[in-house]
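Keep the structure in view while reading.

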Amino acid sequence: MKSIRLTVAQALVRFLDNQYVEIDGKQIKFVKGIFAIFGHGNVLGVGQALEEDCGQLSVYQGRNEQGMAHAAIGYAKQLLRHQIIACTSSVGPGAANMITAAATATANRIPLLLLPGDTYATRQPDPVLQQIEQSHDLSISTNDAFRPVSKYWDRVSRPEQLMTACINAMRVLTDPAETGAVVLCLPQDVQGEAWDYPDYFFARRVHRIERPLPTEAMLKDALAVLKSKQQPLIICGGGVKYSQAGLELIEFAEKFTIPIAETQAGKGTISSAHPLNVGGIGETGSLSANVLAAEADLVIGVGTRYTDFTTSSKWIFKKKGVSFLNINISRFDAFKLDGVQLVGDARATLIDLLENLNAGVYTAWRNRIKDARAQYLAEVERVYSVAYSGTDFIPEINDRLDRERVYAEFKRLTSSLLTQTRVMGVLNKTLPQEAVVVAASGSLPGDLQRVWQSRGGNDYHVEYGYSCMGYEVNAALGVKMAQPAREVYVFVGDGAFMMLHSELITSLQEGKKINILLFDNMANGCINNLQIGHGMDSFYTEFRYHLEDGSRQDGGLIPVDFAKIAEGYGCKSYAVTTLEQLHEALADARRQKHSTLIDIKILPKTMVHNYFSWWRVGGAQVSRSERINTVAKTLEANINKARQY
């Protein structure tokens, strides 16, 4: 056995440079590179190692640790988890900034490797700069906060520990059922310590992403429930996309004439134009999917986690005796809703089912799928055409909103009467066929799932497992890095843009063009809508000045010129208040070679509202407001109609 004397950081870089995954016989380099923000906790360790010999790894400079980690998530998600970019930060606040991103990755089952610096293993110079001291436990550092949001966590306190830490990190990162954030904490003194590593630790390692099949007993149970039902409904989850099982799902659905509903993670796998695609399901679901969900006697969940938005808080499946058949590579998810479990890869399992089921048509649906789709498409066109002239009110608007006052104020400040749904319709019909749309928070993901018409081909990139404000712009950079030939469009509200858009600068630095569609309604409009819809008045969700006496935030709306902000960064920017300006901006943005931002002033409260769904949110059981008391009674009634587990 030969040994190679390297520092821990040098050994880590060399190891990462030799990791590959194999999917269906094709080998792919697993770690593309490393995003870095250097500080005293990593610059002379990991930084020195990368400067000296980074091998084939690319190094990217981030602007905010959370932002660069979100870019890494966007990259891995767009490449269906087949390749990652690791992230390194200094100790303390740099590391803490990545905790939100770690949670985002874990909630969405996206591989994310984080390499935060840590306090000294020797403890000799304690307390060092940026160190938090806990008198009851000196082993705790900021990095311990990663534990609850990580799928694997380790601290490399001795050089030889790096080997088992790295191998376990790869085990989790390449496991479709268990992947998420992996954190290897690197004390800054240990990063520079030398050790004689065996040469075989650096050999090319190939991690096979297998396609496990369910057992014969599972298959038997599944066939029995399938043959006993007449009106099944498929839910296409993110597992279908990651398994690349779109064609197999279509074949299965077509063979048995089963409608396909989509989750946020599953949308974009199958074209919205397919005659069996009935759109998004659940709280942010479409008209057709939610109508059919109430009639289904069997729900076939393929690669879905069954979140509360997908199931409408376990309320939307109303038919007596409805059963669940869960196809999932994760045993944890396959057990949900007390369903029949088919634990296995989505593509392989669908192929297995097709080979074991006789062809037939579920005649009980008859023309219901076609009729539901026709109603849905008509509703999409209606929503896309909704306009506000300044005198006519929009029917979707909640009556409790003081519309005349708010609209008049908004128009006075912006001269805009654009509605969110009308703008979305223009975008849906104008953006290039191959474009990828990115979103994560606020009302935009709901509107996109309800009415956006996807072309398929992984063109819909919405993070809704954690619905993280600030994901949008930064993840779009990762999407563009993953697929440089595609135009990338970010759907982001003003609140989320202000929350975090740090890697917009990195997109310019790297020459990776992204297009930001900024919907400015001067509010956290989604939550404002939630307040008013549940009996409250508008309370600290609109962006208003405080009154002079400081008692309430009821002053005027705060106008922001986002186009100027982007222009200051070096982007090509546009201010839009009319449809004509929107068309002109979109056309010109296509011609640009670097990142763009279109600042679109959108009338508040002009989003799409829900279709036959209910969402359980915490509400006060006691209030001086009769409106809130009424909502509490409705909440209790709906809880009693939902499945209990």
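## The chain as a whole

Of the 645 residues in the protein chain, 61% count as buried, meaning under 20% relative accessible area with a 1.4 Å probe and protein chains only. The model is predicted: local features need pLDDT of at least 70 and side-chain atom pairs count only at pLDDT 80 or more, while totals for chains, interfaces and linings use all residues. Residues are numbered from 1 along each chain as its sequence is written, and side-chain values use heavy atoms, leaving out hydrogens and water.

The protein chain has 25 helices and 23 strands; these are DSSP runs, with helices (H or I) of at least four residues and strands (E) of at least two, numbered from the N terminus. The radius of gyration of the chain is 26 Å, close to the 26 Å of the globule rule for 645 residues, so the chain is as compact as a globular protein of that length. This radius is taken over C-alpha atoms, and the rule is 2.2 Å times the number of residues to the power 0.38.

## Helix H14

Helix H14 covers residues 346-356, and eight of its 11 residues are buried. Among them are Leu-350, Leu-353 and Leu-354. The buried residues of H14 pack against the elements below, where a contact means heavy atoms within 4.5 Å.

| Element | Residues |
|---|---|
| Helix H8 | 216-227 |
| Helix H9 | 238-242 |
| Helix H10 | 246-256 |
| Strand E15 | 298-302 |
| Strand E16 | 323-328 |
| Strand E17 | 340-343 |

How values were computed. Buried < 20%, exposed > 50% of the residue type's maximum accessible area, 1.4 Å probe, protein only.
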